[in-house]
Amino acid sequence: MAVKLRQRKYKKKGTRFYLDVYVNAHDRSSQFLDIWILPSDTAKEKQDKRELARQIRNRVEQETESKKYKDVLPKFKKETNFLLYAERYIEKYKNKDKRSVQAALNHFMKFLKANNRKTLPMDAFTESIAHDFVEYLKKDSGLSASTPSGYLQKLTGIVRAAMRDRYMHSNPFEFVSKKGLNKDGVPKDVLTTEEMESLFTTICSNTGIRKAFIVACYTGMGEAEIRDLKWTDIDLKNDTITYQRNKSEVYAKNYLHPMIKQQLFGLDQSNEYVFEGVLPKSTNGINKVLKTWLKHAGINKHITFYCARHTFGTSVCRVSGNQKVVATAMGQKSTRYTDRYTKIVEQEHITAVSKLPSVSNVIAS
């Protein structure tokens with residue numbers, strides 16, 4: 001099989017490049033390229049266009065030839081930077097979890113940078129790199145609950161796309177142990193009622209973060225929802241607060257708890273957004289303040305801003321015991337993910353009972 005680079009001249013238009021792809025001596029197809037040599041082109045421009053056409057010819061020939069052998073990948077594909085492929089993948093991605101896919105890639109790039117890698121050719125994406133990234137997610141990423149396993153799934157989705165497009169032979173994560181990534185999605189760090197009371201009565205260095213975190217603990221909002229919260233979403237007359245989940249686009253409408261009302265005092269109602277101008281621009285900036293605030297409150301847990309949502313879910317589960325109520329309060333389409341909060345409450349019950357005092361010398365009747 002051969003690929004020939006041809007040229008066709010057009011009156012007044014110039015010369016256009018095209019490819020003739022030969023399957024055999026009698027069977028060929030033509031593929032016109034959008035590369036023209038114009039009468040007005042300089043010698044350098046003509047030379048650059050010819051070189052580009054030759055490069056395309058070479059790639060088409062490699063791809064065409066490799067199709068005859070399932071285990072052969074074109075050289076240019078094996079040498080393609082996985083990170084550039086991933087960025088193009090995300091640009092075309094249409095699903096609602098696009099932001100999570102980008103976050104997963106950001107963590108992978110951060111991991112590579114820490115290991116002095118700026119690029120990652122497809123054929124250099126080994127099982128060893130996959131293993132080290134999983135360990136990074138477990139120990140060094142600063143992520144908790146189901147987020148590490150979720151990000152691994154997102155990145156694996158990009159790898160599978162690369163395999164379908166014949167850039168990679170196999171999935172480097174296939175035989176890497178995922179143990180310890182918390183697959184069941186049970187949040188490891190939520191605040192108990194006692195810890196909430198301790199934290200909320202402790203001074204925080206950033207009043208805006210303190211107010212926002214408390215509101216999140218009483219509504220189930222994540223950081224994105226808190227930043228998007230408008231004054232028009234708060235109905236003081238009917239004591240309700242409404243927001244749209246950034247991830248699922250489902251609306252949640254909850255009771256406007258007195259604790260929420262307290263946090264609204266002092267915020268500028270002339271702004272469109274409730275927390276406009278009072279929060280750091282980065283998530284890391286918020287979490288650093290939270291870490292210090294928790295330390296001053298005597299709470300030894302890894303709590304990020306998103307843990308406020310899990311704290312809310314667990315709190316609602318404690319008082320209602322109804323997964324449907326929890327799902328509705330959290331703006332979830334189903335009870336698929338609410339079982340995580342039931343498990344936390346059940347464990348709290350077991351721990352509480354195990355701490356009941358024992359009495360010696362009990363008379364048996």
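The buried residues of helix α4 are covered by elements that include α3 (82-92), α5 (127-139) and α6 (147-164). Helices here are DSSP runs of H or I with at least four residues, strands are runs of E with at least two, and both are numbered from the N terminus. This is a predicted model, in which local features need pLDDT of at least 70 and side-chain atom pairs count only at pLDDT 80 or more, while totals for chains, interfaces and linings use all residues. Residues are numbered from 1 along each chain as its sequence is written, and side-chain values use heavy atoms, with hydrogens and water left out.

The residues of α4 that are buried (under 20% relative accessible area, with exposed meaning over 50% and partly exposed in between, for a 1.4 Å probe and protein chains only) are Val 101, Ala 103, Ala 104, Leu 105, His 107, Phe 108, Phe 111 and Leu 112. An α-helix has 3.6 residues a turn, so residues three or four places apart point the same way. Helix α4 covers residues 98-114, and at 1.5 Å a residue its 17 residues should span 24 Å; the C-alpha atoms at its ends are 25 Å apart, which agrees. The expected span is 1.5 Å times one less than the number of residues in the helix.

Two packed helices are described by the angle between their axes and the distance between the axes. Axes are lines fitted to C-alpha atoms, for helices over the stretch in contact, and the angles run from 0 to 180 degrees between N-to-C directions. For α4 and α6 the angle is about 90° and the axes lie 8 Å apart. That makes α4 roughly perpendicular to α6. Angles of 65 to 115 degrees count as roughly perpendicular, under 35 as roughly parallel, over 145 as roughly antiparallel and the rest as oblique. On the α4 side, the contact (heavy atoms within 4.5 Å) is made by Ser 100, Val 101, Ala 103, Ala 104, His 107 and Phe 108, and on the α6 side by Tyr 151, Lys 154, Leu 155 and Ile 158. By class, seven residues in the contact of α4 with α6 are nonpolar, two are polar and one is charged. Ala, Val, Leu, Ile, Met, Phe, Trp, Tyr, Cys and Pro count as nonpolar, Asp, Glu, Lys and Arg as charged, and the others, Gly among them, as polar.

Helix α6 also packs with α3, at an angle of about 100° and with the axes 10 Å apart. These two helices, α3 and α6, are therefore roughly perpendicular to each other. Phe 82, Tyr 85, Ala 86 and Tyr 89 of α3 meet Leu 155, Gly 157, Ile 158, Val 159, Ala 161 and Ala 162 of α6. The contact of α3 with α6 has nine nonpolar residues, one polar and no charged residues.

Asn 116 lies in the loop between α4 and α5; its phi is positive, about 60°, although it is not a glycine. Asn 116 is exposed, with a relative accessible area of 75%. Arg 166, found in the loop between α6 and α7 (193-200), likewise has a positive phi of about 60° although it is not a glycine.

Thr 202 is buried, with a relative accessible area of 15%. Leaving aside neighbours within four places in sequence, Thr 202 is in contact with Arg 210, Trp 293, His 296 and Ala 297.

Ile 226 lies in helix α9, residues 223-228. Ile 226 is buried, with a relative accessible area of 0%. Not counting residues up to four places away in sequence, Ile 226 touches Ala 212, Val 215, Ala 216, Met 221, Phe 275, Leu 279 and Phe 305. The C-alpha atoms of Ile 226 and Glu 276, which are 50 residues apart along the chain, are separated by 9.8 Å.

The protein as a whole has 14 helices and six strands. Of its 365 residues, 42% count as buried. Among contacts with a separation of 6 or more, 58% are between residues 24 or more positions apart.
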